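User: I would like to go through this model term by term, with each label set against its criterion. Please begin with the criterion for contact.

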Amino acid sequence: MTGLIRATLRWLATLCVAAGMSGLIAPAGVRAGADDVHLLTLDDIINPVSARYLERGIAEAAEQGAAAVLIELSTPGGLLEATQRLTASMLSADVPVIVYVTPPGTHAASAGVFITMAGHVAAMAPSTRIGAATPVSGDGTEIPEDLARKIMNDTAEYARSIAEARDRNADWAEDAVRDAAVVGAVEAVEIDAVDLLADDRESLLDEIDGMTISVRGEDVTLATADAAVVELPMSPFEDVLMAISDPNIAVILLSLGSLGIYFELSAPGSFFPGIAGAIAIILGLFSLGSLPINYAGLALLLLGLALVGAEIWVASGGVLGIGGAIAFVLGASLLIDDTQAPFLEVSRPLIYGITLALVAFSLIAVRAVMRTRRRPVAIGSDMAGSRATMRGPASVFVEGELWAARPAEGSQLPAAGAVRVVGRDGMTLIVEPLEGASEAQDNGTKES
């Protein structure tokens, strides 16, 4: 079951990211020529969306013969899997990749350490810092010893391998993982964690002009001083995907989607709540597909939503609703695998707020259902005289239900508007236009 969920989430993430990479939604109006410097900017976490954006930018720069790719970076960290894919792309790039930690006051933390050191040239702006790549849990506590040792050893070797590939300080890279070492820009240059300090983009490009670096084993001399800088931002679609790639947004989307489905099932024929709910659930699943998910937490969250919904139709005396609320709180709290992304977690106030809203909705819906059950049965002739609304060429919506309909003898069903029920033939209501609606239709026919 876990494998099926994982495959579904990854399929959704891959589908949406692949769509974001297509030419139909690529940034319009950008013209980059040979020997230009392609500028990519990232001031967010490293996830599948941001990693694909940078990978796409590097690949396009190589195809167009760019002088170099400049990545201006500011990040609190990111997902290990996405970071490894991105650094592998950087290490095997056919174009020089320059990583510049900027603006002043920001940092390249956690995954940002690996990305910075994977560049052919690594630079930092004044008052920036780099380091702190030690894995911790989402609430700041230590990971259990055995798991921590496994993660530490693997991540430390990963950091060393990148630093050694770029002839940088591998010992410090390991310390950044094992001891959460952090250094400022000046010290980073002194210990050979990065190559240089640059006040701004222009001074950086001037300073590295004429520098010789190794690209895929061949010496390349940088020509950046007079090169045009072409900014290549994320496409609008990628911006949207980045915005929803957040655990809080995922929980909100799944909750709203579930409410939409509940409304549609409670009042069939409304259409809009069901469609909007389905879209919200799909977007929520994509959001989860771009995050490190604890599948036990996801199962509890979905179970909670299902139990709260079941309370509406099953007379459990509130047992299902209470159980659903408890499962939802536990699932949302455990949703993120904090061993992979310690900086990500679902906001506790958001969890409690959504839980209260779901319980309140369930109680209101249950009251409405019970009130409906206590009403006298009204079908066929008992509905005579009821006002109904046309919902198609041969269906009407009356008292919360969708019925098949046919016109009374000597009358004609209007295309839209209100009608009156005059009888029943099996499961088909016999209706006639309301007098005012009929006159309005006649006037409209005469005017036309």
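Analyst: Contact means heavy atoms within 4.5 Å. Because this is a predicted model, local features need pLDDT of at least 70 and side-chain atom pairs count only at pLDDT 80 or more, whereas totals for chains, interfaces and linings use all residues. Residues are numbered from 1 along each chain as its sequence is written, and side-chain values use heavy atoms, with hydrogens and water left out.

User: Which residues of helix α2 meet which residues of α9?

Analyst: By that criterion, Val49, Ser50, Tyr53 and Arg56 in α2 meet Glu238, Leu241 and Met242 in α9. These residues divide into four nonpolar, one polar and two charged, where Ala, Val, Leu, Ile, Met, Phe, Trp, Tyr, Cys and Pro count as nonpolar, Asp, Glu, Lys and Arg as charged, and the others, Gly among them, as polar.

User: Why is α2 called roughly antiparallel to α9?

Analyst: The axes, which are lines fitted to C-alpha atoms over the stretch in contact, with angles from 0 to 180 degrees between N-to-C directions, cross at roughly 150° and come within 9 Å. Angles over 145 degrees count as roughly antiparallel, and α2 is therefore roughly antiparallel to α9.

User: What makes strands β9 and β10 a pair?

Analyst: Two strands pair if DSSP finds at least two bridges between them; β9 (residues 212–215) and β10 (residues 218–221) have four bridges, in the antiparallel sense, and the bridge partner of Thr212 is Thr221. The two strands form a hairpin with two residues between them, and Arg216 in the turn has a positive phi of about 55°.

How values were computed
Buried means under 20% relative accessible area, exposed over 50%, partly exposed in between (1.4 Å probe, protein chains only). Angles under 35 degrees count as roughly parallel, over 145 as roughly antiparallel, 65 to 115 as roughly perpendicular and the rest as oblique.
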